Amino acid sequence: MHRYKGWAVVLSEHGYQHQHVHSRTDLIGVYCVQRPDAQTAGSDPGGALTLIDPRTGRLSTRTSWESDLVSLQPVPGRLLPIPSFVAHRVDVVT
């Protein structure tokens with residue numbers, strides 16, 4: 001039998017999460033329930049999940065055109081499981 005503990009953060013307009021990791025756990029998940037519509041055509045409502053490359057030594061070997069960040073746009077109904085040691089943040093929801 002497995003037991004899981006959980007909690008949730010609900011971000012609304014102007015909400016965001018600073019870069020962080022989760023200790024004392026193995027796996028986390030980010031789930032998008034709803035994404036606001038863009039206020040104007042072509043604008044981005046924000047809320048992107050940004051993952052930071054956890055590999056040691058990565059910065060010392062990176063070339064100028066490589067990026068150690070991956071930004072994923074929220075998609076309602078999508079669950080993204082992430083290892084807890086991967087630093088991540090959520091951009092401001094506009």
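1. The note begins at the surface, where Trp7, Val9 and Leu11 form a nonpolar patch with about 310 Å² of accessible area together. Such a patch is made of residues with over 30% relative accessible area and no salt bridge, nonpolar side chains (Val, Leu, Ile, Met, Phe, Trp, Tyr) being joined within 5 Å and like charges within 9 Å. Accessible areas come from the Shrake-Rupley method with a 1.4 Å probe, and for residues only the protein chains shown count as cover. Valine 9 lies in the segment before strand S1 (17-20), and it counts as partly exposed because its relative accessibility is 43%; buried means under 20% relative accessible area, exposed over 50%, and partly exposed in between (1.4 Å probe, protein chains only).

2. Please keep in mind that this is a predicted model, in which local features need pLDDT of at least 70 and side-chain atom pairs count only at pLDDT 80 or more, while totals for chains, interfaces and linings use all residues. Residues are numbered from 1 along each chain as its sequence is written, and side-chain values use heavy atoms, with hydrogens and water left out.

3. As for the overall layout, the chain has 1 helix and 6 strands, which follow one another from the N terminus as β-β-β-α-β-β-β. Helices (H or I, at least four residues) and strands (E, at least two) are DSSP runs, numbered from the N terminus. Of the 94 residues in the chain, 24% are buried, and the chain exposes about 7500 Å², of which carbon and sulfur atoms supply 55%. Among contacts (heavy atoms within 4.5 Å) between residues at least 6 apart in sequence, 78% join residues at least 24 apart.

4. Within strand S6 (residues 88-90) we find histidine 88, which is buried because its relative accessible area is 4%. Its side chain makes a polar contact with the side chain of histidine 22 (3.3 Å); the term covers a pair of N or O atoms within 3.5 Å where, within protein, one must be able to donate a hydrogen and the other to accept it, and residues adjacent in sequence count only if both atoms are side-chain atoms. Leaving aside neighbours within four places in sequence, histidine 88 is in contact with residues including Leu49, Thr50, Leu51 and Ile52.

5. The structure holds 1 salt bridge, in which the side chains of aspartate 91 and arginine 89 meet (3.6 Å, N to O). The term means a side-chain nitrogen of Lys or Arg within 4 Å of a carboxyl oxygen of Asp or Glu. Aspartate 91 is partly exposed, at 28% relative accessible area, and arginine 89 is partly exposed too, at 25%.

6. Finally, glycine 46 is found in the loop between strand S2 (27-31) and S3, and it is buried, with a relative accessible area of 11%. Glycine 46 and tyrosine 16 are 30 residues apart in sequence but 9.4 Å apart in space, C-alpha to C-alpha.
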